[in-house]
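Let's take a friendly walk through a structure together. Have a look at it first, and then we will go step by step.

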Amino acid sequence: MNTTTLQTGAPALAAPQRTSGTRAMVAGAAVLAAALLLPLLVRNDYWLHSVIMVLYFAYLASAWNLVCGYVGQVSFGHSVFSGVGGYISVTLLTHAGMSPWLGMLVGALAAAALAVAIGYPTMRLKGPYFALTTIAVAEIIRIWFENTDVVFGIAIKGSQGLTVPLVGTSWAAMQFESKVPYYYIMLAMLLLVMGLTAWMERSRLGVCLKAIRGDRDAAESLGINPTRYYLAAFALSAFMTALGGTFYAQFIRFINPERNMGVELSIDMALMSIIGGQGTVLGPVIGAFFLTPVSEVLRSELGGQLVGLHLVIYGLVLILAVLYLPKGLLAPLSRWARRLLGGAPR
Amino acid sequence: MDSYILTYSALNGVLIGAMYGGIALGLSLIFGVLRIVNFAHGSFLMLSMYIAFWLHHWLGWDPYASALVAVPVMFGLGYAVQATIIAPLIRRERALVVEPISALLLTAGVYIVVDNLALMAFGANVRSVPSHIEQTTLSLGDYPLNTFRVVGCVSSIAIAAALSLWLARTDMGRAIRATAQNRDGAAMSGINVGQVYNTTFGLGCAIVGAMGCLLAPFIPLTPSVGLSFGIKSFIVVVLGGIGSIAGSLVGGLVIGVFESIAAQFVTTPTASIFSLALFIVILLVRPQGLMGKR
């Protein structure tokens with residue numbers, strides 16, 4: 001009905017828009033309710049595991065998006081923050097018996113400090129130079145981890161990686177028999193990072209970052225200090241990425257430099273965010289929901305055959321997205337959703 | 001550490017460094033003219049090594065002879081990638097300069113597709129491409145040098161010399177240089193910029209095609225061999241200065257000697273940490289490179 005009023009005349013514009021906003025909220029609440037109830041329906045461990053991995057990648061892509069999507073710098077080295085966070089919380093658990101919840105924060109603070117140390121000298125680099133430098137920094141740290149067995153008397157076991165010791169099933173140890181608690185933890189973390197992104201959109205930080213992205217010199221001449229805002233966003237993004245690293249370590253109970261710090265993980269984060277729509281709240285989540293199932297399904301359907309097929313598809317999707325959907329999948333999807341919800345076609 | 005070993009490793013560093021320079025030439029040319037970082041550079045190197053492998057496997061060709069096939073094939077492939085995948089991006093952003101980061105993402109997509117197609121088609125097995133040359137060492141005074149590395153080093157320098165002569169003397173070379181200096185100016189003087197871009201990209205890939213055949217006799221071949229050479233080429237190009245042919249060779253030599261000597265003191269992985277660190281320092285301190293102009 002609203003669509004008809006809209007098509008017949010413009011005067012009623014305000015009313016249908018309000019309705020479409022309400023409908024969007026109803027749709028969002030429905031998705032959230034479905035997400036909360038999902039473990040009741042999905043009893044199969046394999047499927048629940050896959051869903052958790054999708055959420056995990058959506059989380060990492062959203063954390064990546066915090067700085068890269070808003071400052072407009074592409075980092076191909078973000079996996080290092082997840083690796084650092086994971087390694088710190090695991091060694092604290094192993095050697096000091098510290099709860100991963102606390103270790104997670106320690107690791108995240110360390111990652112944020114590392115981000116400032118990396119970001120400060122490199123932030124003046126533009127576009128590809130910045131991207132290549134982040135690869136170089138991440139590779140240096142990864143190679144160092146792979147070839148170091150002991151740091152200050154603490155075993156990190158080089159390329160072999162660390163196994164997370166079982167200290168008993170409890171919330172304090174973030175270790176559970178069932179996968180369901182992991183599902184809810186990851187869902188909460190994803191909602192947290194999405195909320196943070198939505199808050200940043202509206203905050204002074206977000207506005208200033210967009211100004212810096214648009215024209216750095218102009219922003220500076222308006223009295224915005226690019227260094228401060230840029231580093232704040234970079235640290236925040238690294239902090240959130242590191243939390244994801246600890247989650248992964250507790251969930252899989254194993255981390256190693258190749259998987260948790262490698263270029264592949266960084267590229268995955270960047271791809272999901274870019275393909276979904278960087279610089280938006282929903283984009284990275286959509287990217288992860290689109291790409292992760294592709295790789296999971298292909299891996300389980302084809303098993304050992306045709307290794308690499310899911311990456312070929314990732315690559316093709318990336319090429320098509322850069323050429324035809326520079327704003328990501330979110331743009332056509334939201335047009336479609338708006339039509340479905342009866343809002344104003346824009 | 002005695003001086004014999006140091007001199008020997010420096011000599012080996014020169015040989016391998018000149019080849020790094022040769023591999024980086026194509027990247028530097030494309031970067032200099034199109035202002036695009038070709039992330040798929042190493043993948044093209046890997047493909048040409050597979051051309052050498054299959055020609056040897058099926059027809060018994062020597063890897064050096066397979067350059068006769070690899071060079072034109074890689075030229076065509078590069079030309080096609082530029083004309084079909086990258087040109088639309090440039091056309092879309094005609095009024096503006098190409099946003100360099102989307103071009104990087106685009107070529108990163110090409111890298112992911114090509115490397116994984118190779119993995120699917122050829123498998124992850126490590127292969128080797130033996131050459132028919134039987135004398136595997138040449139001696140320079142007291143120092144025995146690997147013949148294939150000597151051939152690779154001399155050929156790299158010859159390719160660089162031929163490229164700079166070609167750029168200096170021919171009409172197409174002049175058009176390429178003009179486009180590199182000022183795209184719009186070149187277009188207004190009647191140069192077909194699209195054609196120049198396609199040719200430049202093809203030429204960059206053809207050079208890396210030749211380098212693949214020169215590497216094939218002594219580098220073990222896997223579908224993922226490209227990325228490490230690609231990343232090394234970025235380091236070389238940044239070190240030597242973007243778009244500079246001499247800079248590419250000098251940058252390659254610096255990295256080659258640096259890694260070869262460092263490997264005498266620390267383990268090889270640690271040595272690669274140093275060259276990555278050198279890359280970052282150069283970018284921060286002297287972004288125009290050793291031989292580049294502001």
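Predicted model: local features only at pLDDT ≥ 70, side-chain atom pairs only at ≥ 80, totals over all residues.

Side chains of opposite charge can pair when their charged atoms come close. Another example joins B:Arg174 and B:Asp171, at 3.5 Å from N to O. These two share helix 6 of chain B and stand 3 residues apart, about one turn of the helix. Here B:Arg174 is partly exposed, at 41% relative accessibility, while B:Asp171 is exposed, at 63%. Over all chains, the search finds 5 salt bridges.

Now turn to where the chains meet. Chain A brings 35 residues to the contact and chain B brings 34 residues. Together they bury about 3100 Å², with 87% of that on carbon and sulfur atoms. A:Tyr129, A:Leu132 and A:Leu323 supply 19% of the area that chain A buries against chain B, more than any other three residues.

How many salt bridges are there between chain A and chain B? The count is 0. On the side of chain A that touches chain B, helix 6 of chain A gives the most, with 13 residues. The residues of that side divide into 28 nonpolar, 6 polar and 1 charged.

Definitions and conventions. Residues numbered from 1 in each chain as written. Chains lettered and ligands numbered in written order. Heavy atoms only, no water. Contact = heavy atoms within 4.5 Å. Buried area = accessible area lost by both parts, 1.4 Å probe. Salt bridge = Lys/Arg side-chain N within 4 Å of Asp/Glu carboxyl O. Helix = DSSP H or I, 4+ residues; strand = E, 2+ residues; numbered from the N terminus. Nonpolar A, V, L, I, M, F, W, Y, C, P; charged D, E, K, R; others polar. Buried < 20%, exposed > 50% of the residue type's maximum accessible area, 1.4 Å probe, protein only.
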